[in-house]
Amino acid sequence: MKLRRWSYFLRQALMNIMNNRLVHVIGLGTMLVSILLFGTYLLLFINLNAWVQGWGHSLSMSVYLEEGISEAKRDMIASWIKSLPAAEIERLITKEEALKELRRVLGDQAGLLEGLSANPLPASLQVVFEKGEGQRIDPERIKKELEMLEGVEEVQYSEDWLKQFKGLMRLIRVAGVIIGGFLCMGILFIVTNTIKLTIYSRKEEIEILKLVGATDWFVKMPFLLEGTIQGMVSGILALFILFAGYYLLSTEKIHFANLGVFDLVFFPHGYMLLILLASVALGLVGSLIAVRRFFDI
Amino acid sequence: MIQLFHLFKDFGPNVALRDINLRILKGEFVFVTGPSGAGKTTLLRLIFGSERPTSGQILINAINLNRISRSNLDRLRRKVGFVFQDFKLLPQKTVFENVALSLEVIGERRSFVRKKTHQSLRLVNLAEKEQAYPLSLSGGEQQRVAIARAIVKDPLILLADEPTGNLDADLTKDIFTLFRDIHQKGTTVVVATHSQELFEDSGQRTIVLKQGKIVEEK
């Protein structure tokens, strides 16, 4: 289509928006709130997901050693661990240190330990798997292999916790899809009604345009542009507000459930583009519905 | 240019036109007259394609309106100018914008639109009022804006429905002179009117309608 036609359509669309300011401000505001709601949800999901992933990558493991293990065997276990990719022995906790630590944790109740004839706690190696190695760590496999080594009594890592969290993430993802679906329907309803009102407000002009020889698409195009503009502006504003919120929060160190510092992340570029495209598409589809349903000339 | 064969048009129980057979040649000037409710407006609307006949055929420039697609009808309307009884001007647009609309919808160049709109407004003697809004104009001026909009695209056919309905005798004469000028440029003109002074001494072909039928041709 010729450029001057597009400039005419754009002028008409902007004029429609100006002439129906209130309707458009309300429509745009509602659409913005909907995108913000979904965007906030998505942002929370992305952050939780990143945090869970990060936590999985920096896994720590306790390797409990058998009673009376020889130094040679202990060294052999240590060198086996060191040969694992991304693994590092943080420290060796001797039986005495373990008991001392337990005493510290028990605090006032430490007297309970006085009755013990011998130290029942095993020595252990604290192993940390560093993140950023680019490979997935399979703690279950490492645990099994370690437990097969002579001198290893038991291996523990917080596997259940991680599994539970991953289950929760799946639930959040499903809920996100459902919420997103409802919000999309809501947005379509809003855009359709906004465009319907502008079509009604220009009914006389549409009739005259048709009488002087305008094609259906010539008359419809400004309305489609109107919906698209509404979608685009809402999407851009929502991303801007979400980024502002992220920026304000990310300057503070967030602590989450006593599990350490929680570094915030923003949408990757692909997600931002997706939100923008989805907003534009919703605006366009909403106005298409309005034009198809309420255009009766 | 315009051919009507056994044309009937009903609006529910009311019969607006019955068995109309008419042939208007290229470059002809025809008056359609008759009392109110005789079917003049319906006849013009059928020729314009804004109404469909109940039965019968309409051929415009050898195109059958019964078989025309929606988009081709839009294209055909670009060759037909219509001056409406109620003017159908957009109050929020200026005189210039109202007239330019006919060319803008065809996608003409801006410079061409400007040139033709100025020409058209000069022809109807409204060049000095191009920035005025329709509601600030008199009835006669609004009628002339409507005529300017109809002729700006150099139509093959000009249809006018009661173009002097609300005008005094002097203005009626002016409007008729305008139509004659347009006709002399080769446009086929069909004017529906009930004002006798317009057609009586004009010497043009006149078709008289009564209760939806052609009762006389002069």
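Reader: Let's start with α9(A): which residues there are buried?
Author: Bear in mind that this is a predicted model. In α9(A), the buried ones are I275(A), S279(A), V280(A), L282(A), G283(A), L284(A), G286(A), S287(A), A290(A) and V291(A).

Reader: And what span should the 26 residues of that helix have, at 1.5 Å a residue?
Author: Helix α9 of chain A, residues 269–294, should span 38 Å, and its end C-alpha atoms are 37 Å apart, so the two agree.

Reader: Zooming out, how many helices and strands does chain A have?
Author: Chain A has 9 helices and 6 strands. Of its 297 residues, 26% are buried.

Reader: What about contacts in chain A between residues at least 6 apart in sequence: what share join residues at least 24 apart?
Author: That share is 86%.

Reader: What else does V23(A) touch, leaving out residues up to four places away in sequence?
Author: Besides T194(A), V23(A) touches L197(A) and T198(A).

Reader: Why does V23(A) count as partly exposed?
Author: Because V23(A) has 18 C-beta neighbours inside 10 Å, while being buried takes 20 or more.

Reader: Switching to helix packing. At what angle do α1(A) and α8(A) pack?
Author: Helix α1 (residues 3–19) and helix α8 (residues 216–250) of chain A meet at about 65°, with axes 8 Å apart. The crossing of α1(A) past α8(A) is right-handed.

Reader: Which residues make that contact?
Author: From α1(A), they are F9(A), L10(A), Q12(A), A13(A), N16(A) and I17(A), and α8(A) supplies M221(A), P222(A), L225(A), E226(A) and I229(A). By type, the contact of α1(A) with α8(A) has 8 nonpolar residues, 2 polar and 1 charged.

Reader: OK, the interface. How many residues of chain A are in contact with chain B?
Author: 14 residues of chain A are in contact with 16 residues of chain B. On the chain A side, α1, α7 (203–211) and α8 are the elements giving two or more residues.

Reader: Which of those gives the largest share?
Author: That's α7(A), with 4 residues. The side of chain A that touches chain B divides into 7 nonpolar, 2 polar and 5 charged residues.

Reader: Over to chain B, then. In what order do the 4 strands of the open sheet come?
Author: The order is β2-β1-β4-β5 in chain B, with antiparallel pairing. At the edges stand β2 (14–24) and β5 (63–64) of chain B, each with a single partner strand, so one side of each has no neighbour in the sheet.

Reader: How many bridges join β4(B) to β5(B)?
Author: Antiparallel strands β4(B), residues 55–60, and β5(B) are joined by 2 bridges. One residue to look at is L59(B), whose bridge partner in β5(B) is N64(B).

Reader: Last one, the hairpin of β9(B) and β10(B). Which residue has a positive phi?
Author: Q211(B) does, near 50°, in a hairpin with 2 residues between the strands. Strands β9 (residues 205–210) and β10 (residues 213–217) of chain B run antiparallel, joined by 4 bridges.

Reader: And what stands opposite L209(B) in β10(B)?
Author: I214(B) does.

Key:
Residues numbered from 1 in each chain as written. Chains lettered and ligands numbered in written order. Predicted model: local features only at pLDDT ≥ 70, side-chain atom pairs only at ≥ 80, totals over all residues. Axes fitted to C-alpha atoms, helices over the stretch in contact; angles between N-to-C directions. Left-handed = near helix turned anticlockwise from the far one by under 90°. Contact = placed C-beta atoms within 7 Å. Nonpolar A, V, L, I, M, F, W, Y, C, P; charged D, E, K, R; others polar. Buried ≥ 20, exposed ≤ 12 C-beta atoms within 10 Å, placed from the backbone. Pairing = 2+ DSSP bridges. Expected span 1.5 Å × (residues − 1).
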